[in-house]
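Visitor: I would like a close look at a single part of this model. Please take me through it step by step.

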Amino acid sequence: MKLTAGVSPSDLRRLVSRLREVERKQMPYATMLALNATGEAVLEENRTLMRKVFDRPTRWTLNAFFLRRATKRKPEATVERKDAPRGRHYLEVEERGGTRPKTG
């Protein structure tokens with residue numbers, strides 16, 4: 001007993017063409033979603049680690065980093081530290097260690 005699927009070569013060509021079209025349209029979107037989800041996870045892990053390292057960190061400290069989100073045209077997401085209002089950022093001092101500089 002022989003079973004055949006009844007798929008012709010032209011059907012296969014149409015299927016491959018359709019899959020390529022889906023890949024071309026959906027892969028940039030899926031990549032963007034994956035990068036942004038990873039960036040969010042990194043940002044949350046960073047906050048979790050800051051809660052462990054610092055004694056009672058303020059919201060200012062916990063929100064010192066932000067996510068520059070990926071887009072379909074620019075598939076890269078980065079987690080960056082926000083700029084200090086003036087001068088060096090206090091987290092740079094914490095990172096290097098040492099004594100706190102004199103204030104005004």
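Visitor: Leaving aside its neighbours within four places in sequence, which residues is Arg47 in contact with?

Guide: Arg47 is in contact with Leu62 and Asn63, once neighbours within four places in sequence are set aside. Arg47 itself lies in helix α1. With Leu62 there is also a polar approach: a polar atom of the Arg47 side chain lies 3.3 Å from the backbone oxygen of Leu62. So the pair meets the cut-off for a polar contact, which is N or O atoms within 3.5 Å.

Before going further, a word on confidence. This is a predicted model. The protein chain has a mean pLDDT of 85, and 83% of its residues reach 70 or more. Strand β1, residues 65-68, has the highest mean among the elements, at 96. Helix α3, residues 90-96, has the lowest, at 70. Where pLDDT is low, the predicted coordinates should not be read in detail.

Now place helix α1 in the chain. There are three helices and two strands. Their order from the N terminus is α-α-β-β-α. Helix α1 covers residues 9-53, and α2 covers 59-62.

Arg56 sits in the loop between α1 and α2. Its phi is near 50 degrees, a positive value in a residue other than glycine. Is Arg56 buried or exposed? It counts as exposed because its relative accessibility is 69%, and the cut-off for exposed is over 50%.

Back on helix α1, look at the charged pairs. The structure holds eight salt bridges. Arg14 pairs with Asp11, with the closest N and O atoms 2.3 Å apart. The two are three residues apart in helix α1, so about one helical turn separates them. Arg14 counts as exposed because its relative accessibility is 56%. Asp11 has 30%, so it counts as partly exposed.

Arg18 and Glu21 make another salt bridge, at 3.5 Å from N to O. They too lie in helix α1, three residues apart, about one turn of the helix. Arg18 has a relative accessible area of 47%, so it is partly exposed. Glu21 is partly exposed as well, because its relative accessibility is 30%.

Glu44 counts as partly exposed because its relative accessibility is 38%. Arg51 has a relative accessible area of 44%, so it is partly exposed too.

Next, the nonpolar side of the picture. Val7, Leu12, Leu15 and Leu19 make a nonpolar surface patch of about 380 Å². Leu19 lies in helix α1. At 53% relative accessibility it is over the 50% cut-off, so Leu19 counts as exposed.

Of its 104 residues, 14% count as buried. The chain exposes about 9200 Å², with carbon and sulfur atoms supplying 54% of that area. Among contacts with a separation of 6 or more, 41% join residues 24 or more positions apart.

How values were computed: Residues are numbered from 1 along each chain as its sequence is written. This is a predicted model: local features need pLDDT of at least 70, side-chain atom pairs count only at pLDDT 80 or more; totals for chains, interfaces and linings use all residues. Side-chain values use heavy atoms; hydrogens and water are left out. pLDDT is the predictor's confidence in each residue, from 0 to 100. Helices (H or I, at least four residues) and strands (E, at least two) are DSSP runs, numbered from the N terminus. Buried means under 20% relative accessible area, exposed over 50%, partly exposed in between (1.4 Å probe, protein chains only). Contact means heavy atoms within 4.5 Å. Accessible areas come from the Shrake-Rupley method with a 1.4 Å probe; for residues, only the protein chains shown count as cover. Patches are made of residues with over 30% relative accessible area and no salt bridge: like charges are joined within 9 Å, nonpolar side chains (Val, Leu, Ile, Met, Phe, Trp, Tyr) within 5 Å. A salt bridge is a side-chain nitrogen of Lys or Arg within 4 Å of a carboxyl oxygen of Asp or Glu. A polar contact is a pair of N or O atoms within 3.5 Å; within protein, one must be able to donate a hydrogen and the other to accept it, and residues adjacent in sequence count only if both atoms are side-chain atoms.
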